[in-house]
Every structure is written in C-alpha cells, then in structure tokens.
Amino acid sequence: MSILKKHPERDPGTAEAVGGEELLVTGGHTFKTLTDKVSGIVEQKPPAQWWLIFVMAVSGMLLLVGVIGWLAWEGTGIWGLNNPVGWGWAIVNFVFWVGIGHAGTLISAILFLLRQQWRTAINRFAEAMTIFAVITALVFPGIHVGRIWLAYYMFPIPNQMLIWPNFRSPLLWDIFAVGTYFTVSTLFWYVGLIPDLATLRDRATNVRKKVLGFFALGWRGGNRQWQHYEKAYLMLAGLATPLVLSVHSVVATDFATSLVPGWHTTIFPPYFVAGAVFSGFGMVMTLALIARKIYGLEDIITVNHLEKMNKIILVTGSMVGYAYMTEFFIAWYSQNEFEVFAFVNRAFGPYAWAYWIMFLCNVITPQIFWFKKLRRSIPVMFVASIFVNIGMWFERFVITVTSLSRDYLPSSWDYFSPSIWDILTFVGSFGLFFTFFLLFLRFLPMVALSEVKGVLPEADPHFYHQKEGDTK
Amino acid sequence: MAQIFPKWTNKAPKYVLIGLVVAIALVSYLIDYYASPMYTDVGYRPNQPVPYSHKVHAGDLGLDCRFCHAGVEISPVAGLPPTQTCMNCHNMIKADSEKLALVQESFKSGYPMQWVRVHKSPDYVYFDHSAHITAGVGCASCHGRIDEMEIVSQEEPLSMGWCLTCHRNPDDHLRPAGEVTNMSWTPPANQAEFAASQKRLLDIKAPITDCTGCHR
C-alpha cells in the first residue's frame, strides 16, 4: 500500500529516498563516485596517519611475539598467577577479544536477515574486525597451556599415543566453538568480498590484476552469478546467526560449569552474549569513527548509522546492567552464603575498584544515549565507545579474578596482581589486532561496495536520472 | 574484455583440490608411520660388549628368564645378573674362551659389565615388571621371541598407543602363572574363558587407562 502511495510523491532523479526515510548514503553519490571513493583508498598510497598507526601496531605485534617467546622459554610462572588465582589475564584477554568478535557477525548475519539496510555501510570492516579479534583471542588459549609446543593436543589429531582430547574439558569446547565461528565468519566475509574484489580487479593492471583476479574467482556480475551469490550469502547468514549466540554461550559455560561461587550461574550464557555484542559494537564504533575521519567516509558512514549503533550500545549495555543486578538478586534470593559472599565481596571487597570501574563504564556510560543530541555527537560517542571497551575488559577481569581470589578456603585467599609480562602480552595483542586491521584497510575495500550500491536511490528499479529539459 | 587467465585455469581448481586431498592423505600416512616408534624404535639392535647369545642360553639350553633377570617378579625392573651369575657356569665351561675375556675381567676387578640397554621407556613413564608378571602377561608379549635372538633387538614399538591397546583389551595376553616365561606359548582355543577366570582368580580389575596409571 505504501509503495503505491509513495511513488507519485517522489521526485525522480533527486537524492530522496522512498517514503521520506533518511537516505543511507549522503552527498549525492552515484555508483561511479562511490566506486571511485572506496576503490581509491586501496589504490592510492596510504595516508600518513596509516603509516604512523601501522608502525605502532607492528611494534606491538613484535612485542607480543617476544613476550610469547619468553613465556615459552620460562613458563607461565612469569605471569602474576598465584594459588588460588590460576586463571588470570590469559582468559580475561581471551574472553575480551572473542567478545569483540561478536559485532561483526551480528551486523552481517542477524541484521541482514532482519533487512536492516543500514548495516551495509559498516558490515565489511565489522566482519574484518571480527575475524582479527578472533585470531587475537585464539592466541591466548594457545599460549596459556604453558608448553606451547603441545598445543596441538587440543585438536583431535590421530596419534601414536591413541589419546583424544577430553570432551569434558571446557578448553576443548572453546576450540570447537571459536574455531567454527572463525571458519564461518571468514567464509562469510570472503563471499561478501568477491564482487568488490572483481570491481577492484577491473580497475587494476598487471600483477595486481592477476592477484585480484585470482581471489575474485572469475566474477563477472552476470545475472546467474548474482542469483547464486545471493543464495549463498543468505545461507551463510543463516548459518552464522546461531553462532552469534552459541560462541559466547560456550565461553560463558567454561565458567558456569565450575563450582565456583560467582561463576556457577545459569544466567551466564545470555549475560555473556549481551556483553559480547555490547563490547563488539563499542570496538566497531571506535574503529569506524577513526577510519571515517582519516579516509573521509562521512557520506557513507553517516551520523544516522552511528546513531543506530549507539542505540544498540544502549540496549545491550542496559541488558548487561540488568544482568549485574540479577546476579545480586539471585545471590540474595538463594540465601547460599557462599554465593552471597561472592557478590558482596565483588562490589565491596579488595577488587571493589575494578567492580565500580566496570559498573560505571558498562552501565552508566551508555545511558547518555537516551538523549538524541548525545547520540549524534561524534566526540561524545567516541569517548563513550572507549569507555565501553575499558568496561568490558574489566567485566571479564572482575568475573575471573574476584571469584577465584576468595574461594571456599579462606586460608588460601590471595590477591592477584598482574606482572609486567601480563601487561605486555595484553598490549601486544592490540598490536597483533591492529596490524591485521590496518593491512585490511590498506589492501581490501573497507566498505561493502556492491551492497552500498544496492541501497542507493539509483538501484531502485523505478529510478531514472532526470536530464535537463525533462518534464515530469 | 580480455581474459586475465588462460583457458586451462578453468580446470585448475579441480586438480588442485584432488591434489590437496591426495597430498594430505599421503603426508598423514608418512608421518603416522615414519615418525612413530613403529619405524624409529622397532628393530633397535645395539651390539653388546660380549657376544652373549640369548638363543643359546634361553633357547637351546632352556634357561628360564628368571635365572638371570631375577627381579622381574618382585620389582619394577627385571634387572641384569651380576657377573657372578655368569661365572657359576663359566668358570668351568669355556673358561678360556676369548669371547669371555671381558666377563673374566669384570669378575676379577669387581666392576659390573657395561651392557647396552635395548628396551627403554621414558623417565615420565612409570612401568612395573612385577605387576605385569603377576597378572600373567608373558615376557614374549612385549619382548618377542628372545629365545631365537642371537643379539637382542626391540620387537615392539613400546609407544603409548601400543601400551594402551593391551591395557584396553588385555585378554589375549594373559596366561597361567607357570607359562609366563614360556617363549613358545600360544593361546589355547578357550583363551577368552581362561582370561575371564584368570581375572576372577587374581581379582584383577580392568587395567588402568587413566593418565595417572603410568604418568605419576
């Protein structure tokens, strides 16, 4: 009904969307200007800022390699672990990075199935961010075993010892959950890239043309190819959707299956998933704001897009806050003295400082997005997104360390402080992540060109370009 | 628009995929065999300082294993005999043989013979001969037909998988207590019945397959 009504009102040839909705792409872009803009980023030499950040990132990555080398040589004793805190920053960082990896698939799969067209502006680099965050996350289960050269024990590889991974071990669940997630996300990302790689190929020459041609898999943009492509994309979106929920549920179950007060709760899976989406959007926001500034993508990633992301941050942040309060309620309601103690200790014990940093960053900060003005202010959302990242790291720290440091046996209680190696490993993990991410920005189209073109007015079957002298 | 790649590349993905599958299968097989103790350890046959022949002593003359390896029933290690054990016979028999010069020397000086160990297990493996002998596992099950070897060699891989194969299903390797050192024993037709009664008799529970059974 609405379509019939809308079209007569529409002024063809001008940048105005159907039904008075805000345009997704501003600045009067056409297919050609959009292609020039996005392809230009990877075809020209990178800006000075790119080099600056890249040098820092590579230094960070080398730092990580060095620290891991020292870890392999010396053992996990270099970390600040003690008894009873046997799980320290390694798992905190692992959960932190995996959590960040959740935004990509949410944006690309769930928002795709829900026909949220605004996702097109951010899905490509959110997916890239997901893949690199998952790679960074996977470093930690690999190195936390101490004897890194035996990490292959985690995989079901036939061997002369005739032993298999223990399927009762949460470590194994992580490997399978995160491994599956990584595989599907990478496939999804790559399938989405194919038409854009073909666009780049057609503009390239010599070796570059061959390399891009190889990865574009012979894409010509024919009708039949598009039909297959869109079916494949839809199926992958369907496959990826349950993974958004399952991966962090499994990670949450690592904690929930152990009989530690503060971990042994059924709320953990949904609570972790909400937190993961929250932290993922925080990271996407931080990266999007920087990238759109440096590469001048304000027309494609508009304030409208950012506002929508802020709404998701507000929703998921409030869900996380609700979960924090539910934990306290259930602790009181259960009248289990260990459970009650775990939560009182969390908020008022030796780690109260960490708890309240977490609470302020995760629960209070997003509440500013109730106000439209703040929701649309770039500086405000940039600072808020950083706070979200900080808060979500502290959430994992609070969960892991407070529960372990005050367990059932008061005589074994101890206070955990990280060693310098813990800190350097964490800093180095950012180096690894940003190295990948910057290489992606340099060599691959950071905006899903073919999809953004699909939401331009020009893509509408009823669109025609008004030439001068045309009459309506 | 001109083609970027020649026409034959259309078929390349198929061949690359087939090649990949074949290569993975081949490499897996090569590693599985050539990097395992089945290849690296089986057949290890070091030369000993004295050409002692198990074939002559345990085979032709019919000495019992325990005559020399006296600790096998009571201790984790089977043990090697002191030179005195050799000399009980060899101060009468072939006392002047050149081959026995080192044994004579050892007997005079009091320093033990430096035999070369053939069957090794890593230091992180706890292995107990007496437990296996008591359960009725024959010497030949792990060491092979020692009575037919001029120079002892390693017959079995002694790998963890090899240990576990028997630990998971030991029935074929159990024998009556009197037959443990019998090199030529073969399982009777009713071996399954015997194994069940043997386990009942000795009150043997299933052999340990937990990590801590051998890695302590």
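These legends go with close-up views of a predicted model.

View 1. As background, nonpolar side chains in soluble globular proteins tend to be buried together.

**View 2. Zooming in on Val98(A).** What does Val98(A) touch once its neighbours within four places in sequence are left aside? The list reads Val134(A), Ala137(A), Val178(A), Val247(A), His248(A) and Val251(A).

**View 3. A cis peptide bond in chain A.** Have a look at the link between Asn83(A) and Pro84(A): the peptide bond here is cis, with omega at about 25°. Pro84(A) sits in the loop that runs between helix H3 (48-74) and helix H4 (89-100) of chain A.

**View 4. Leu162(A) and its positive phi.** Leu162(A) is not a glycine, yet its phi is positive, near 55°. You'll find Leu162(A) in the loop between helix H6 (123-144) and helix H7 (170-203) of chain A. Buried, exposed or partly exposed? Leu162(A) counts as partly exposed because it has 16 C-beta neighbours inside 10 Å, and the partly exposed class lies between 12 or fewer for exposed and 20 or more for buried.

**View 5. Leu217(A), another leucine with positive phi.** Here too the residue is other than glycine, and phi of Leu217(A) is near 55°. The loop that holds Leu217(A) lies between helix H8 (206-215) and helix H9 (223-256) of chain A. Leu217(A) has 13 C-beta neighbours inside 10 Å, so it counts as partly exposed.

**View 6. Two helices crossing in chain B.** Helix H5 (residues 83-90) of chain B packs against helix H6 (residues 101-109) of chain B at an angle of about 115°, and their axes are 10 Å apart. The crossing of H5(B) past H6(B) is left-handed. H5(B) brings Thr83(B), Cys86(B), Met87(B) and His90(B) to the contact, while H6(B) brings Val103(B), Ser106(B) and Phe107(B). Sorted by class, that makes four nonpolar and three polar residues, with no charged ones.

**View 7. Pro187(B) in its loop.** Pro187(B) belongs to the loop between helix H9 (160-168) and helix H10 (191-202) of chain B. With 14 other C-beta atoms within 10 Å, Pro187(B) comes out as partly exposed. Leu174(B) is 13 residues away along the chain, and its C-alpha atom is separated from that of Pro187(B) by 8.6 Å.

**View 8. Where chain B meets chain A.** How many residues of each chain are in contact? Nine from chain B and seven from chain A. On the chain B side, H9(B) gives the most, with three residues. By class, this side of chain B has five nonpolar, three polar and one charged residues.

**View 9. The domains of chain B.** Domain 1 of chain B covers 7-35, and domain 2 is assigned as 72-78 + 121-214. Their C-alpha centres lie 41 Å apart.

Notes:
Residues numbered from 1 in each chain as written. Chains lettered and ligands numbered in written order. Predicted model: local features only at pLDDT ≥ 70, side-chain atom pairs only at ≥ 80, totals over all residues. Axes fitted to C-alpha atoms, helices over the stretch in contact; angles between N-to-C directions. Helix = DSSP H or I, 4+ residues; strand = E, 2+ residues; numbered from the N terminus. Left-handed = near helix turned anticlockwise from the far one by under 90°. Contact = placed C-beta atoms within 7 Å. Nonpolar A, V, L, I, M, F, W, Y, C, P; charged D, E, K, R; others polar. Domains from an automatic or database assignment.
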